[in-house]
Amino acid sequence: MVYTNRIFLFFTFLGAVLIPLIIVGILIVFLKEASLAIQKFGFIDFVFSSEWDPVFEKFGAAIPLTGTIIVAFLSLILAVPFALGIAIFVVEVCPASLKQIFQLLIELLAAIPSIVYGMWGLFTLAPIMAKYIEPLLQRVFTPIPLIGKLFEGTPLGIDLFTASIMLSIMIIPFTASVAIESFYLVPRVLKESAYGMGATKWEVIKDVMFPYCKIGILGGIGLSLGRALGETMAVAFVLGNINSFPTSLFSPTTTVTVKLANEFTEADKDIHLSSLFYLALLLYILSLIVIVCSKYLILRIRSR
């Protein structure tokens with residue numbers, strides 16, 4: 001029995017130690033491989049430069065970083081209202097006999113491989129966007145000052161807007177799952193007290209549940225943001241993969257992950273390969289910051 005306990009403690013300790021070691025190990029590898037680009041371009045010049053010319057060995061991360069951030073935040077703006085609506089329905093509205101079914105469907109949506117989303121986006125979503133949705137949005141919003149600038153350009157369906165919609169569909173399950181868990185943590189006595197004072201269901205959700213769970217919901221949104229920052233294949237199919245700043249929602253552009261996927265096997269110069277590793281390092285650090293902040297918020301709501 002003593003030996004069994006020691007073996008169990010050893011493996012649990014080993015598992016706990018391996019995680020930070022792997023995280024630090026990946027960081028060390030990225031720093032080593034990106035050292036040539038770091039020495040040549042530095043941080044400021046690399047991050048704020050829009051040049052990406054392998055022939056003349058000039059590289060900058062401004063365009064892929066901008067594309068990554070815009071696509072991720074647009075997908076969050078589109079996904080969060082639907083995810084919160086799903087969470088409210090499952091927790092407060094859905095009949096008890098159907099709750100498990102809906103939660104299973106949400107989990108199944110999260111389990112679909114990204115390559116499947118990408119093919120669906122290219123062959124189904126993009127043509128629909130180009131033929132129906134984007135021309136309609138142009139007719140409605142183009143006459144409006146300032147806002148109309150966001151909807152300029154040729155509606156091809158392979159652009160920033162389509163990529164954001166598809167990515168929002170992919171991250172809805174993550175946000176919804178964390179929101180559902182957070183709503184379940186609301187003490188029943190709080191809701192019953194509100195109902196006893198004459199509050200409606202909407203008032204209970206708005207004035208009791210959301211204030212109590214807001215930290216956990218923000219943490220779930222942060223986790224979804226981390227998921228969106230790292231998505232590759234699904235976005236690569238419908239983003240256009242052009243190294244230029246987007247001028248509207250209908251502009252093609254690129255992201256860090258898409259550029260890495262497209263150019264890694266073609267990089268035949270040391271500085272080109274090192275610059276790609278530098279891009280990966282920046283994305284790695286950004287994702288770590290987002291995920292750590294999100295987990296901290298979730299742990300805060302659980303501790304309450």
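Predicted model: local features only at pLDDT ≥ 70, side-chain atom pairs only at ≥ 80, totals over all residues.
1. On overall dimensions, the C-alpha trace of the protein chain spans about 70 × 70 × 35 Å along its principal axes, while the accessible surface comes to about 16,400 Å², of which 73% belongs to carbon and sulfur atoms.

2. Of the 304 residues in the protein chain, 42% count as buried; and among contacts between residues at least 6 apart in sequence, 76% join residues at least 24 apart.

3. Helix 6, which covers residues 114–141, packs against helix 7, residues 160–184, at an angle of about 130 degrees and with the two axes 9 Å apart. Since an angle between 115 and 145 degrees is neither roughly perpendicular nor roughly antiparallel, helix 6 and helix 7 are therefore oblique to each other, and the crossing of helix 6 past helix 7 is right-handed.

4. The residues making this contact include Tyr-117, Trp-120, Leu-125 and Met-129 from helix 6, and Phe-161, Ile-165, Met-166 and Ile-169 from helix 7. Sorted by class, the contact of helix 6 with helix 7 has 11 nonpolar, 4 polar and 1 charged residues.

5. Helix 11, running over residues 256–263, is mostly covered, with 6 of its 8 residues buried. The buried residues of helix 11 are Val-256, Thr-257, Val-258, Lys-259, Leu-260 and Glu-263, and a student may like to locate each of them in the structure above.

Conventions
Residues numbered from 1 in each chain as written. Heavy atoms only, no water. Axes fitted to C-alpha atoms, helices over the stretch in contact; angles between N-to-C directions. Helix = DSSP H or I, 4+ residues; strand = E, 2+ residues; numbered from the N terminus. Parallel < 35°, antiparallel > 145°, perpendicular 65-115°, else oblique. Left-handed = near helix turned anticlockwise from the far one by under 90°. Contact = heavy atoms within 4.5 Å. Nonpolar A, V, L, I, M, F, W, Y, C, P; charged D, E, K, R; others polar. Buried < 20%, exposed > 50% of the residue type's maximum accessible area, 1.4 Å probe, protein only. Areas by Shrake-Rupley, 256 points an atom, 1.4 Å probe, with all protein chains shown as cover.
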